[in-house]
Amino acid sequence: MGTGASTASRRQWTAADEDNSTVEDARPRTAANANLPANDISGMSKLVEAKNRFMKIKNKEKNTACFQKQLDGTDIIKELYKRMDPTVTQPDSGDIRGDVQLSLKYNHRQQLLLVKVIRARDLVARDLNGKSDPYAVLDLVPDVQNEGKKKTAYKAKTLNPVFNEIVSFQLEQSCIAETKLRVAIWDHDFFGEDDFNGEGIVDLSKISLNSGTYTDWFMLQLETDFSIKGELEVSLEYQEPENLFVTVHKAYNIKAGNTLRNTSDAFVKVVSGSLDPEFEETFEFQVPQEEFASRVVLFHLLDKELVGSNSSLGQVHIELKNLDLDEPIRKCFPLADLKNESYKRSEWAQSAVAQEFREAMYAHALYRHPLFLRSMETKGRKVTCT
């Protein structure tokens, strides 16, 4: 695993200047006893000053040793807690938040992708002290040139780390459109395994690398499973007045849930021991035509486990706004890990709430009830809600 930036990338990219500060060591001087002779005052002052300087050094060494002992003790206690109960410092799987800021540019002559990891913000605390020791790990998907993973140094006890580190990847220009950059944030632990703190996925096909430097914030999310593969064959048919029929026919070349037997027990209904399961199941939904613009059909293919929770074999999202009401469709859709695109559900929920609010306000306006929604007298001024 590479660390930091290569010499070549640093020559092409000037890192941000770091602020330097100087600290003056002002030592207090102790006045000598005024009753002493003048020739003794100077000697006494030097003696007191030397003693103070000696005590400062001893106290500093003592404080440093105590602090280091407390720090070591805290790390040991933290690790003991984690070994007894890992959930103490591991939040729920959905407890990921924050963003990471990146700058990207492409060297066409050398065919190098240069990535500057600038900073991250609003991370989730993974340590018992309410902080984290974050660092970033970057790699390409797919990694055609076997560049491997590149890692930054970790920043101690912060939820808003500033990295300002540059890494480079050998990447042919013809491969840019099919490549994604993955930036994962991890919490460094002195003992045991490091903790995952979210990742950002940059689809290089959706950004312009021909016009200099591209800088943006990327939202951290749950880990994406890029090993998911295969297709799901489905058909959709709409019948008046508001009946949507969805048929799941078959899946092709799906991921093996059981790596020992190289098979999966996939279901809509359980089809055991196959990587090309056939389902032929039809489901009916009540969907008014006016809601098609905000509705999505979500398919989630699962591998049935005998012990523990079922594992995901991928999802398919079909937006109904693209559906031809007069012509049924039947086609294969690629399976992918789409759990981080749950915003589709929230978009529908927001639209539904907004529609209910509009209908409620229309009813209030029609029947002029309750009265406070129409008007009220306040110290001679009339306030009207519309």
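Reader: Among contacts with a separation of 6 or more in the protein chain, what percentage is accounted for by residues 24 or more positions apart?

Author: A contact here means heavy atoms within 4.5 Å. This is a predicted model, in which local features need pLDDT of at least 70 and side-chain atom pairs count only at pLDDT 80 or more, while totals for chains, interfaces and linings use all residues. Residues are numbered from 1 along each chain as its sequence is written, and side-chain values use heavy atoms, with hydrogens and water left out. For the contacts in question, the share of residues 24 or more positions apart is 62%.

Reader: How many helices and strands are there in the protein chain?

Author: Both are DSSP runs, numbered from the N terminus: helices are H or I with at least four residues, and strands are E with at least two. By this rule the protein chain has three helices and 19 strands.

Reader: Is T247 buried or exposed?

Author: T247 belongs to strand β11, residues 243-252. Buried means under 20% relative accessible area, exposed over 50%, and partly exposed in between, with a 1.4 Å probe and protein chains only. The relative accessible area of T247 is 12%, so T247 is buried.

Reader: With which residue does the side chain of T247 make a polar contact of 2.8 Å?

Author: T247 touches several residues beyond four places away in sequence, among them E233, E281 and T282. A polar contact is a pair of N or O atoms within 3.5 Å; within protein, one must be able to donate a hydrogen and the other to accept it, and residues adjacent in sequence count only if both atoms are side-chain atoms. The 2.8 Å polar contact links the side chain of T247 to that of T282.

Reader: Where is P241, the residue joined to E240 by a cis peptide bond?

Author: The bond between E240 and P241 is cis, with omega about 5 degrees. P241 lies in the loop between β10 (231-239) and β11.

Reader: Why does D122 count as partly exposed?

Author: D122 is in the loop between β3 and β4. Its phi is positive, about 55 degrees, although D122 is not a glycine. D122 counts as partly exposed because its relative accessible area is 44%.
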